[in-house]
Structure formats: structure tokens, C-alpha cells
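Please look at the sequence and the structure shown here.

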Amino acid sequence: MIISAEKYNKLPEEYKKYFEEFRNKHPTIKPLSLIQYLIKLVSRKNSIVLDPFLGSGTTAIACLKLNRNFIGIEKEEEYVKIANTRIKPFIQQTKL
Ligand SMILES: C[S@@+](CC[C@H](N)C(=O)[O-])C[C@H]1O[C@@H](n2cnc3c(N)ncnc32)[C@H](O)[C@@H]1O
């Protein structure tokens with residue numbers, strides 16, 4: 001799971017439950033720092049980033065952290081659930 005223990009501990013209980021329920025089982029999850037680096041390299045703030053192979057949602061999280069919009073496509077229902085679970089806390093954070 002790609003959030004720090006400090007951030008995890010601050011999550012509402014309902015999100016912690018999701019994290020436990022949907023541990024990231026994606027076999028090829030990419031490091032968030034790598035994806036953030038690549039997104040900064042090829043886009044500007046408020047750009048739209050398309051990831052047609054979203055997997056567990058790393059690109060979407062990177063976009064939220066870097067003020068980019070995103071469109072993610074993923075064919076496996078299980079990975080869509082994982083991605084949604086991972087993305088939710090970051091959407092919550094951007095609204096605070
Ligand atoms: C290399 S993984 C992406 C991993 C992602 N970057 C992450 O950090 O979790 C590629 C993903 O593309 C999905 N995929 C493959 N073919 C697809 C298609 N035609 N349409 C949508 N998703 C597809 C696979 O299910 C897989 O989850």
C-alpha cells in the first residue's frame with residue numbers, strides 16, 4: 001500500500017476497513033515516486049493524463065498529488081476496486 005503509516009493512521013475508520021479488505025494484490029504495481037516523476041516530466045498542472053492500463057491506480061494517485069486531472073481505464077474488476085480504494089483517501093485530502 002502506498003501511503004505512509006502516519007497518513008494511514010489519520011484515515012477515517014471506514015477507509016482503514018477498505019484498506020484491510022482490498023490489500024493491493026496487483027502483481028505489477030509501480031512505485032508512486034516513479035510515476036510522479038514521469039507525470040511531471042510530460043504534463044503541466046491541470047492537464048488531463050490518460051492511463052488506459054490503470055491497474056491498481058498509481059497514476060491516478062500521482063495526478064491527484066500533482067494537481068493533474070486523470071482518466072483511468074482498467075479491464076479487471078478486481079483491480080478497479082483496488083484502484084478506487086486507493087484513490088478515495090487522496091480525493092478526500094484534496095477537498096480539505
Ligand atoms: C502493468 S499493469 C499497470 C500497473 C499500474 N501502473 C499500477 O501501478 O498498478 C497493466 C494493467 O493493464 C490492464 N489491461 C490490460 N489490457 C487492458 C485493456 N485492453 N483495457 C484495459 N486495461 C487493460 C491489466 O489488467 C493491468 O492491470
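Leaving out residues up to four places away in sequence, N67 touches K45 and N46; two residues are in contact if their C-beta atoms, placed from the backbone, lie within 7 Å. This is a predicted model, in which local features need pLDDT of at least 70, side-chain atom pairs count only at pLDDT 80 or more, and totals for chains, interfaces and linings use all residues. Residues are numbered from 1 along each chain as its sequence is written. The score pLDDT is the predictor's confidence in each residue, from 0 to 100.

Where does N67 lie? N67 is in the loop between α4 (58–65) and β2 (69–72). Helices (H or I, at least four residues) and strands (E, at least two) are DSSP runs, numbered from the N terminus. N67 counts as exposed because it has 11 C-beta neighbours inside 10 Å. The cut-offs are these: a residue is buried if 20 or more other C-beta atoms, placed from the backbone, lie within 10 Å of its own, exposed if 12 or fewer, and partly exposed in between. The phi of N67 is positive, about 60°, although N67 is not a glycine. Between the C-alpha atoms of N67 and R44 there are 8.6 Å, and the two residues are 23 apart along the chain.

N46, one of the contacts of N67, sits in the loop between α3 (32–42) and β1 (48–51). N46 also has a positive phi, near 70°, and is a residue other than glycine. N46 counts as exposed because it has 8 C-beta neighbours inside 10 Å.

Next come the two strands. β1 and β2 pair in the parallel sense over four bridges; strands pair if DSSP finds at least two bridges between them. One partner can be named: D51 has G72 in β2 as its bridge partner. The side chains of β2 alternate along the strand.

T59, in helix α4, is buried because 25 other C-beta atoms lie within 10 Å. Which residues does T59 contact, leaving aside its neighbours within four places in sequence? They are I35, V49, D51, L54, F70 and G72. The C-alpha atoms of T59 and I39 are separated by 8.3 Å, and these residues are 20 apart along the chain.

The largest nonpolar core has 11 residues in all: I35, L54, A60, I61, A62, C63, F70, Y79, I82, A83 and I87. The elements that give two or more residues to this core are α4 and α5 (77–95). A nonpolar core is a set of buried Ala, Val, Leu, Ile, Met, Phe, Trp, Tyr and Cys residues joined through C-beta atoms within 7 Å. In helix α5 there is also N84. Is N84 buried, exposed or partly exposed? N84 counts as partly exposed because it has 17 C-beta neighbours inside 10 Å. N84 and A60 are 24 residues apart in sequence and 9.5 Å apart in space, C-alpha to C-alpha.

The ligand has 14 residues around it, and F53, G55, S56, T58 and K75 come nearest. A residue is near a molecule if its C-beta atom, placed from the backbone, lies within 6 Å of it. The shell holds five nonpolar, five polar and four charged residues. Here Ala, Val, Leu, Ile, Met, Phe, Trp, Tyr, Cys and Pro count as nonpolar, Asp, Glu, Lys and Arg as charged, and the others, Gly among them, as polar.

Finally, consider the whole chain. The protein chain has five helices and two strands, and from the N terminus on its elements run α-α-α-β-α-β-α. Buried residues account for 24% of its 96 residues. Of the contacts between residues at least 6 apart in sequence, 56% join residues at least 24 apart. The average pLDDT of the protein chain is 84, and 79% of the residues score at least 70. Among the elements, β1 has the highest mean pLDDT (97) and helix α2 (residues 13–21) the lowest (65).
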